[in-house]
Amino acid sequence: MASPDTAPLPSMPRLVRILPRSVAPFPRETLASYFRRLELANGLTTDRTGTSLGIAQGDDPLTLLRALTGRTEASLRFALPELDAPQHRSAPVLDDEPMRHHLACTHCCYRAGIGEHVRRWVVHEDVLCRCHRRWLGSPEEETTDQLDLTGHPEVLDAHRRHRRLIARRGRRTIRDTYLTSARIVWDWQCQGRRLASVTARLDRLREGRSCTYLDPAVHAALYPAAVALTDLLTSPAWQPAPVDTDHPHTRRFLHRVAETVTDGYYPTGGQDPLRRLLHNAASMPQRDAH
Ligand SMILES: [Zn+2]
């Protein structure tokens, strides 16, 4: 019996010729990005939909890409997650997390011999390239200016911790709590609670520029504190999560936050974003069942 890679191509809706120049797909590349690079390599009009390649709405992109590029089904499916999605061209899902896409590390692209921008599918922890020490963007923002993290080993350490948390406590729990934690850390900054480590890191990363919440330097700067808070909020040692802010359990929790997250700041006052979260138990992220 023929393997998928040696099986004859299914019948084509029309004559499809192999392209003069084929390019390899980048790992987790979006179909639109791959279409564009194929079009560029062959001097065709780029529209990201595959129209210039002869791919029409309703066509099976896997069958046509096999014919156009001469590449195996396995290699295309491995690199292009949309080809395995229930509906081609819809966002793929990893462990219940819908994936988003952003620019791939430009240094990884250069290493693969790719000079153009590549868009690839990512999950929430894909914020940096460990190999090249570049900040690539958080789930809430995207950057074309990939920040150099040389000199910021604490950001790389936080990324390692982030991935460990996902492995131990579940992707959905950590994703939801991380997004909440990142917002809390930023609110502390905006409220003048200036966490010394976050402020110092942001000053070095922004190099004199002013920043809004969407600036990649902001997310890179607050990332270690957001991961540390995520760890505490999901820690089995602190479950059930503190709710009553006057309870001794909660005070111990807030002291722990001051020691390990906020550089000594003890969350205080009704406007404190963490205390507001603790007050409103209903706003706590749902935990995965483990
Ligand atoms: Zn890289």
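**Close-up 1. R133 in a loop of the predicted model.** R133 counts as partly exposed, with 19 C-beta neighbours inside 10 Å. The model shown here and in the other views is predicted. R133 is found in the loop that runs between β5 (128-129) and β6 (134-135). Its phi is positive, about 55°, although R133 is not a glycine. Most residues other than glycine have a negative phi.

Close-up 2. R28 sits in the segment before α1 (31-41). R28 is not a glycine, yet its phi is positive, at about 65°.

**Close-up 3. Helix α2 and its cover.** Helix α2 spans residues 61-69. Its buried residues are P61, L64, L65, R66, L68 and T69. What covers these buried residues includes α1 and α3 (73-79). Just after α2 comes G70, with a positive phi of about 75°.

**Close-up 4. Helix α5 against helix α8.** Two packed helices are described by the angle between their axes and the distance between the axes. Here α5 (residues 153-169) and α8 (residues 216-234) pack at about 30°. Their axes are 9 Å apart. The angle makes α5 roughly parallel to α8, because angles under 35 degrees count as roughly parallel. The crossing of α5 and α8 is left-handed. On the α5 side, the contact is made by E154, V155, A158, R161, H162, L165 and R169. On the α8 side, A220, Y223, P224, V227, T230, D231 and T234 meet them. By class, this contact of α5 with α8 has seven nonpolar, three polar and four charged residues.

Close-up 5. V227 lies in helix α8. Which residues does V227 contact, leaving aside its neighbours within four places in sequence? V227 is in contact with A158, R161, H162 and Y178. One of these, R161, is 66 residues away along the chain, yet the C-alpha atoms of V227 and R161 are separated by 7.5 Å. V227 is buried, because 27 other C-beta atoms lie within 10 Å, against a cut-off of 20.

**Close-up 6. Helix α7 against helix α8.** Helices α7 and α8 pack at an angle of about 150°. Their axes are 8 Å apart. This angle makes α7 roughly antiparallel to α8, because angles over 145 degrees count as roughly antiparallel. The crossing of α7 and α8 is right-handed. From α7, the contact takes S197, V198, R201, L202, L205 and R206. From α8, it takes A217, V218, A220, A221, L222 and A225. The residues of this contact divide into nine nonpolar, one polar and two charged.

**Close-up 7. The largest nonpolar core.** In soluble globular proteins, nonpolar side chains tend to be buried together. The largest nonpolar core in this model has 43 residues. Those with the most contacts inside it are V185, L222, A225, A226 and L229. At least two residues of this core come from each of α5, α6 (171-190), α7 (196-206), α8, α9 (248-260) and α10 (273-279). Which helix gives the largest share of this core? Helix α8 does, with twelve residues.

Key. Residues are numbered from 1 along each chain as its sequence is written. This is a predicted model: local features need pLDDT of at least 70, side-chain atom pairs count only at pLDDT 80 or more; totals for chains, interfaces and linings use all residues. Helices (H or I, at least four residues) and strands (E, at least two) are DSSP runs, numbered from the N terminus. A residue is buried if 20 or more other C-beta atoms lie within 10 Å of its own, exposed if 12 or fewer, and partly exposed in between; C-beta atoms are placed from the backbone. Axes are lines fitted to C-alpha atoms, for helices over the stretch in contact, and angles run from 0 to 180 degrees between N-to-C directions. Angles under 35 degrees count as roughly parallel, over 145 as roughly antiparallel, 65 to 115 as roughly perpendicular and the rest as oblique. A crossing is left-handed if the near helix is turned anticlockwise from the far one by less than a right angle, and right-handed if clockwise. Two residues are in contact if their C-beta atoms, placed from the backbone, lie within 7 Å. Ala, Val, Leu, Ile, Met, Phe, Trp, Tyr, Cys and Pro count as nonpolar, Asp, Glu, Lys and Arg as charged, and the others, Gly among them, as polar. A nonpolar core is a set of buried Ala, Val, Leu, Ile, Met, Phe, Trp, Tyr and Cys residues joined through C-beta atoms within 7 Å.
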